Amino acid sequence: MWKNYIEEISKEYHFKAPATSEDILCIKEKLNVELSKQLLNLLSETNGILDSSDYPLVWSTDQIVEENLFFRNFDDYKDIYMPFDHLLFFSNAGTGDLFGLAVLNGSIQKDDVYVWDHGDDSRTWIASSLKEFLKGWITEEISI
């Protein structure tokens with residue numbers, strides 16, 4: 001479903017092999033979060049979406065874990081940014097800003113997508129679903 005959806009929007013993206021159950025479990029265990037059905041389905045179909053230059057539209061499970069742990073644990077950020085554990089980042093804008101899903105009580109309960117602005121530490125709603133976000137970002141209907 002996700003591959004077909006992306007390919008209908010643009011042929012410039014390619015897909016990694018599906019994430020394994022171990023890959024997905026790693027996110028849950030290391031980041032202490034239950035994934036949304038949308039993100040779980042996407043990762044089960046492809047463990048990352050890349051553009052023609054191999055720049056990620058959606059990170060792999062390894063990169064999701066790595067980036068989120070970095071932002072949650074980097075000591076210098078604790079003095080200048082609000083905590084990051086209420087967001088699960090899954091992509092970036094290429095400018096330092098990150099895209100994420102809200103984490104409430106240890107799970108992603110809504111499909112809303114937010115952008116974290118590294119310049120002013122704002123967290124702004126930009127799409128009502130992962131599907132809407134991907135389409136908007138690819139077609140540049142969503143810009144930051």
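**Entry 1: aromatic pairs.** I counted the aromatic ring pairs in this predicted model, and the count came to 20. I then took up one of them, the pair of phenylalanine 99 and phenylalanine 133. The ring centres lie 4.6 Å apart and the planes meet at 55°, so I recorded the pair as tilted. Phenylalanine 99 belongs to strand E5 and phenylalanine 133 to helix H6 (residues 130-139), so this pair ties together parts that are 34 residues apart in sequence. I also noted a cluster linked by ring pairs, made up of Phe70, Phe71, Phe74, Tyr77, Tyr81, Phe84, Phe89 and Trp116.

Entry 2: Leaving aside residues up to four places away in sequence, I found phenylalanine 133 touching Phe90, Phe99, Val113, Ile126, Ala127 and Ile142. The largest nonpolar core has 43 residues, and Phe133 is among those that touch the most other members, together with Ile6, Leu35, Leu43, Leu88 and Leu134. In soluble globular proteins, nonpolar side chains tend to be buried together.

**Entry 3: strand E5 and its partners.** I next followed the strand that holds phenylalanine 99. E5 is mostly covered, with 4 of its 5 residues buried. Which strands pair with E5? E4 pairs with E5 in the antiparallel sense over 5 bridges, and E6 pairs with E5, again antiparallel, over 4 bridges. E4 and E5 form a hairpin with 5 residues between them, and in the turn glycine 94 has a positive phi of about 85°.

**Entry 4: helix H4.** I checked the length of helix H4 (residues 61-73). At 1.5 Å a residue its 13 residues should span 18 Å, and the end C-alpha atoms are 18 Å apart, which agrees. Its buried residues are Thr61, Ile64, Val65, Asn68, Phe71 and Arg72. Seen down the axis of H4, the buried residues fall within an arc of 145°, so they line one face of the helix. An α-helix has 3.6 residues a turn, so residues three or four places apart point the same way. On the face of H4 turned away from the buried side I found the exposed residues Asp62 and Glu66. What covers the buried residues of H4 includes helices H2 (21-31), H3 (37-45) and H5 (75-78), as well as strands E4 (87-92), E5 (98-102) and E6 (113-116).

Note on methods. Residues are numbered from 1 along each chain as its sequence is written. This is a predicted model: local features need pLDDT of at least 70, side-chain atom pairs count only at pLDDT 80 or more; totals for chains, interfaces and linings use all residues. Side-chain values use heavy atoms; hydrogens and water are left out. Helices (H or I, at least four residues) and strands (E, at least two) are DSSP runs, numbered from the N terminus. The expected span of a helix is 1.5 Å times one less than its number of residues. Buried means under 20% relative accessible area, exposed over 50%, partly exposed in between (1.4 Å probe, protein chains only). The arc is that of the directions from the helix axis to the C-beta atoms. Contact means heavy atoms within 4.5 Å. Rings of Phe, Tyr and Trp (its six-membered ring) pair if their centres lie within 6.5 Å; planes under 30 degrees apart count as stacked, over 60 as edge-to-face and the rest as tilted. A nonpolar core is a set of buried Ala, Val, Leu, Ile, Met, Phe, Trp, Tyr and Cys residues joined through side-chain atoms within 4.5 Å. Two strands pair if DSSP finds at least two bridges between them.
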